[in-house]
Amino acid sequence: MKLICRLSTLAGLVAMVVAGSLPVMASPEEAFDHVVSVLPVWPGKPQGGAGTRPGAAPEGSGVVIRPDVIATAFHVVEPAERIDVRLSDGRILPARLIAGDAASDIALLSVDAGLAPIEFGPNPGLAQPACAIGNAFGLGLSITCGVVSAKAVTNAGFNAVEDFIQTDAAINPGASGGALIDPDGRLIGLVSAIFASGADANIGVNFAVSNALLLRVTDALLSSGSVDYVKAGWRLGLADRARLAAVAAPEVQLVQPGGAAASAGIEAGDLILQIGERHTRTPRDAVTALALLPADTLSVPVVLQRRGGRLTVSLSFGAKPDADMSISDAPDPECPHPEPVCRQRQAVFPVSSFDPVASATRIASDLLVTNRHVVGDRQEATVHTPSGPRTANVVPSAYGGDLVLLKVEGLPGDGAVLEPAAIGAEADLFYAVGADVARREIRVFEPGELIMLPAEGAELGRLHVRAHMQPGVSGGALVDEDGRLRGIAVGGGEGRFEAIPVSAVEELLRQRDDPEAERITRRLGINFAACDAAIAGTEDAQSASEQADQLPQACARSSNHGQLLEAGRLLAQSGEFDAAAALHRQAVEQVPNSINSRVSLLVSLQLGARFEEMTEHARWLMEAAPDDPQALRFAIQSGVWGGDPALAEAGYQALLKADPRQAQAARRFIDAAPPRPERR
């Protein structure tokens with residue numbers, strides 16, 4: 001779901017006067033007259049309205065923001081072949097799509113009905129009452145109320161451009177494009193998205209696009225039919241932990257020659273503190289600050305920090321970037337990343353099989369590769385292509401890792417096919433390309449640097465990167481800045497993500513010729529499904545304890561890295577620390593350079609008070625993540641209680657640099673440690 005809205009400007013009011021109709025003041029009840037149900041006709045789907053079971057059709061909502069002009073969510077109407085709207089009095093009228101902007105998820109519709117616009121309200125305050133009006137589940141317009149939970153949210157991860165108001169007012173599917181109003185019935189946001197925690201229903205974390213962004217986008221769509229965002233000509237990233245401890249601000253990682261940032265004298269390493277009136281704490285904040293500037297903006301002041309001092313420069317947008325550069329900081333409606341990377345979206349497809357939502361990467365005209373855990377023990381998968389779903393068959397291979405081949409006919413003839421990068425080729429940034437469940441599309445996620453290469457000698461070793469991944473990306477592509485395939489995404493978390501390297505893809509292809517390929521493929525699938533069933537039957541600590549024999553045996557046979565970690569976690573929670581540590585050790589042996597696996601093992605050993613066994617892994621983790629306070633706390637604790645005082649002291653010295661406040665407590669623990677807990 002999505003939402004957008006903005007404060008009225010003088011120019012907007014003048015335009016309304018010229019149009020002969022000022023906005024109408026509304027009470028919460030009267031605001032219903034300015035909200036409509038949007039009834040699109042999607043290919044192969046029924047249209048909502050009379051005679052359609054609620055929830056069976058792709059319905060949405062909309063808000064009248066100009067006379068006979070309705071704002072709605074772009075994702076509601078993007079695939080529509082026809083659009084009708086149902087007014088609050090029950091009339092159903094045809095609507096015409098004026099234009100849409102995918103980056104902000106805003107679209108405009110027009111009707112011929114003499115509809116008056118809703119009044120725009122002022123910027124809301126935190127904890128201010130707010131109500132949402134929308135066509136939830138296709139049941140017709142209804143209102144729910146709560147408060148404004150947060151403002152200026154830019155990192156929800158739904159759109160390329162985000163400036164959200166967060167609310168706990170209940171919002172559910174079908175309300176996308178509806179109105180978030182204040183107690184006087186004035187519009188303060190356009191309903192856009194919900195976090196549903198694995199379900200489709202509302203859990204109280206809902207988002208609406210701000211009035212500022214709504215009016216910025218709608219003004220552009222009405223005047224030119226598209227939205228042009230200004231470009232600064234820089235690439236921003238997160239500063240390191242030491243700099244973030246002093247000030248929260250994005251760091252300039254690269255400046256494009258000939259661009260606005262270069263002309264302003266901005267340098268790599270600068271911290272961007274403020275753009276115009278907007279403070280910037282993250283790269284996404286900077287994206288939003290630029291996106292809110294009208295396309296004809298000539299310049300904007302930028303406050304930055306350089307070598308500890310502050311200065312203000314003027315970012316002017318007359319400079320044109322070099323034609324051969326592909327840096328993009330302002331959001332492109334399609335993809336705000338280098339063009340060779342964005343092009344590879346054509347080589348990744350959503351797939352459904354054992355895992356209902358995942359990705360697959362095209363490596364030949366009729367071959368895709370995905371994770372084994374995506375297909376489990378099934379022999380088929382459904383590949384979702386632009387021309388419709390296609391059935392793919394699993395190609396047997398004797399390869400034992402978390403990869404499978406899929407053979408499928410009917411893939412786009414002009415689509416991209418990913419070429420593996422040369423082994424050992426260097427890269428500065430990596431990008432994950434895969435399915436975004438919320439946006440229902442293949443997208444490129446935020447890039448990140450290399451953390452570590454696969455461990456030497458580890459047959460199932462992985463690439464470890466900071467390139468962001470999320471559920472649905474499994475089986476997608478990890479590419480470099482030139483769009484070359486580096487690996488197949490697997491997952492991760494806590495800013496540390498993993499991919500199976502291209503060398504494993506080559507091994508997967510080679511082992512198709514093994515005479516045991518079919519038997520091994522079947523066995524691996526059966527073992528995976530058995531472990532999954534054992535995990536699914538372990539809903540809580542009590543049931544995990546009851547299955548203390550079955551769960552570790554089933555998942556040890558599966559040898560799937562993700563399952564080893566999950567099963568170990570469940571066993572540790574149930575108090576089965578030996579079994580948990582055994583599975584986590586197996587995961588570490590399989591992928592030795594996985595920081596997340598080491599953390600899981602250390603937690604299970606810590607819970608069981610096995611401090612001597614922790615020291616080896618805590619030392620490795622401290623060296624791999626020397627600025628991570630969690631890793632350093634493991635080193636200190638295991639060093640003190642595991643009989644390695646040198647390890648504890650080394651952890652303390654590193655923690656002094658990483659987080660001096662935590663170091664004070666660590667010093668007290670080292671000098672006067674409480675009695676060691678008994679082994680459990």
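**Figure 1. The whole chain at a glance.** Residues 24 or more positions apart account for 64% of the contacts in the protein with a separation of 6 or more. This is a predicted model, and it holds 19 helices and 31 strands. Of the 680 residues in the protein, 56% are buried. The accessible surface comes to about 28,400 Å², and carbon and sulfur atoms own 52% of that area.

Figure 2. The protein has a mean pLDDT of 86, with 89% of its residues at 70 or more. Please take care with residues 1-25, where the pLDDT is below 50; beyond near neighbours in sequence, this stretch has 92 contacts in the model. Residues 319-331 also have a pLDDT below 50, with 39 contacts in the model beyond near neighbours in sequence. Where pLDDT is low, the predicted coordinates should not be read in detail.

**Figure 3. The largest nonpolar core.** Here you can look into a set of 38 residues, in which Ile-65 and Leu-187 touch the most other members. Helix H3 (residues 211-224) supplies the largest share of this core, with six residues.

Figure 4. Helix H6 covers residues 283-291, and nine of its nine residues are buried, so the helix is largely enclosed by the rest of the structure.

**Figure 5. Strand S31 between its partners.** Strand S31 (residues 496-501) has six of its six residues buried, so the rest of the structure largely encloses this strand. S31 runs antiparallel to strand S28 (residues 463-465), joined by three bridges, and Leu-463 stands opposite Ala-499. Two residues lie between the strands in the hairpin of S30 and S31, where Glu-494 takes a positive phi near 60 degrees.

Figure 6. The side chains of Arg-462 and Glu-498 meet at 2.9 Å, N to O. Arg-462 sits in the loop between strand S27 (450-452) and S28, while Glu-498 belongs to strand S31, 36 residues apart. Both Arg-462 and Glu-498 are buried.

Figure 7. The model has 32 salt bridges in total. In this view, the side chains of Arg-235 and Glu-481 form one at 3.6 Å, N to O. Because Arg-235 lies in strand S13 and Glu-481 in the loop between strand S29 (477-480) and S30, the pair ties together parts that are 246 residues apart in sequence. Arg-235 counts as buried, at 14% relative accessibility, whereas Glu-481 counts as partly exposed, at 22%.

Figure 8. Glu-613 and Arg-679 make a side-chain salt bridge of 3.4 Å, N to O. Glu-613 is in helix H16 (residues 611-624) and Arg-679 in the segment after helix H19 (660-671), so parts 66 residues apart in sequence are tied together by this pair. Glu-613 has a relative accessible area of 29% and is partly exposed. Follow the links onward and you will meet a network of salt bridges made up of Asp-578, Arg-585, Arg-610, Glu-613 and Arg-679.

Methods. Residues are numbered from 1 along each chain as its sequence is written. This is a predicted model: local features need pLDDT of at least 70, side-chain atom pairs count only at pLDDT 80 or more; totals for chains, interfaces and linings use all residues. Side-chain values use heavy atoms; hydrogens and water are left out. pLDDT is the predictor's confidence in each residue, from 0 to 100. Contact means heavy atoms within 4.5 Å. Buried means under 20% relative accessible area, exposed over 50%, partly exposed in between (1.4 Å probe, protein chains only). Helices (H or I, at least four residues) and strands (E, at least two) are DSSP runs, numbered from the N terminus. Two strands pair if DSSP finds at least two bridges between them. Accessible areas come from the Shrake-Rupley method with a 1.4 Å probe; for residues, only the protein chains shown count as cover. A nonpolar core is a set of buried Ala, Val, Leu, Ile, Met, Phe, Trp, Tyr and Cys residues joined through side-chain atoms within 4.5 Å. A salt bridge is a side-chain nitrogen of Lys or Arg within 4 Å of a carboxyl oxygen of Asp or Glu.
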